[in-house]
Amino acid sequence: MPQILSKPVDRRALLANGGTLLAAWLGCKSILAPCRAAAEDGPVAVPLSSLRPHAPRAVPDMRFADGTGAVRTPADWRGRIVVLNLWATWCQPCVAEMPALAALARHAAPGGDIAVLPVSVDHGGAATVRRFYAAHGVAGLPVLCDPQMAIPAALHEDGVPVTLVLDRKGREILRIGGPVLWDAPDVPALLRRMAG
């Protein structure tokens, strides 16, 4: 197998060079191992209980648009635990993860102490997210978009899904590359424990 297949994929370069179908099929960071799992066995979501938070650290400036076009930042949810998920409609593991994120949002209840923020990096923006939600029966999640992919660039991430868990002060305490079993019954309690 050629050595180049073991290198990470630069999504922006791949998409700019007409690799939309390949990126849609791969839907992950590396062409070799993670994509083989996604293509042959479906995405492998990990339980949150298997992950350990790190020391709180500041996050870079992260701006995204809501469904009305208003600019939002994670600071708008300060005081709550934030699950900020970067995803795309063409990413197969992201698509598979959406129902679990919606379930977490339902369990956390609107206005509760946990905010689930799925930020789409699709170039089509809010219209693309709304169509996806309607086609897949996704309810209870806000429409949030970063079509210029500024957040992945600020985080030095080149693939999706990527999820950041922010504590009540807006500091990153966990970063996850890949899907998570967000709909497990113990997830809200685990997030509260991680956030302190």
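Trainee: Where is Met149 found?
Mentor: Met149 is in the loop between β5 (144-145) and α6. Helices (H or I, at least four residues) and strands (E, at least two) are DSSP runs, numbered from the N terminus. This is a predicted model: local features need pLDDT of at least 70, side-chain atom pairs count only at pLDDT 80 or more, and totals for chains, interfaces and linings use all residues. Residues are numbered from 1 along each chain as its sequence is written, and side-chain values use heavy atoms, with hydrogens and water left out.

Trainee: Why is Met149 called buried?
Mentor: Its relative accessibility is 7%. Buried means under 20% relative accessible area, exposed over 50%, partly exposed in between (1.4 Å probe, protein chains only). Therefore Met149 counts as buried.

Trainee: What is its phi?
Mentor: Phi of Met149 is positive, about 60 degrees, although Met149 is not a glycine.

Trainee: Why is His156 called exposed?
Mentor: Its relative accessibility is 72%, so His156 counts as exposed.

Trainee: Where is Pro161, and what joins it to Val160?
Mentor: Pro161 is in the loop between α6 (150-155) and β6. A cis peptide bond joins Val160 and Pro161, with omega about 0 degrees.

Trainee: What makes Thr163 buried?
Mentor: Thr163 is in strand β6 (residues 162-166). Its relative accessibility is 0%, so Thr163 counts as buried.

Trainee: How do you know that Thr163 and Asn85 make a polar contact?
Mentor: Their side chains are joined at 2.7 Å. A polar contact is a pair of N or O atoms within 3.5 Å; within protein, one must be able to donate a hydrogen and the other to accept it, and residues adjacent in sequence count only if both atoms are side-chain atoms. So the pair qualifies as a polar contact.

Trainee: Which residues does Thr163 contact, leaving aside neighbours within four places in sequence?
Mentor: Among them are Val83, Leu84, Glu97 and Trp182. Contact means heavy atoms within 4.5 Å.

Trainee: Why is Thr128 called buried?
Mentor: Thr128 lies in helix α5 (residues 125-136). Its relative accessible area is 15%, so Thr128 is buried.

Trainee: Which side chain makes a polar contact with the side chain of Thr128?
Mentor: That of Arg131, at 3.3 Å.
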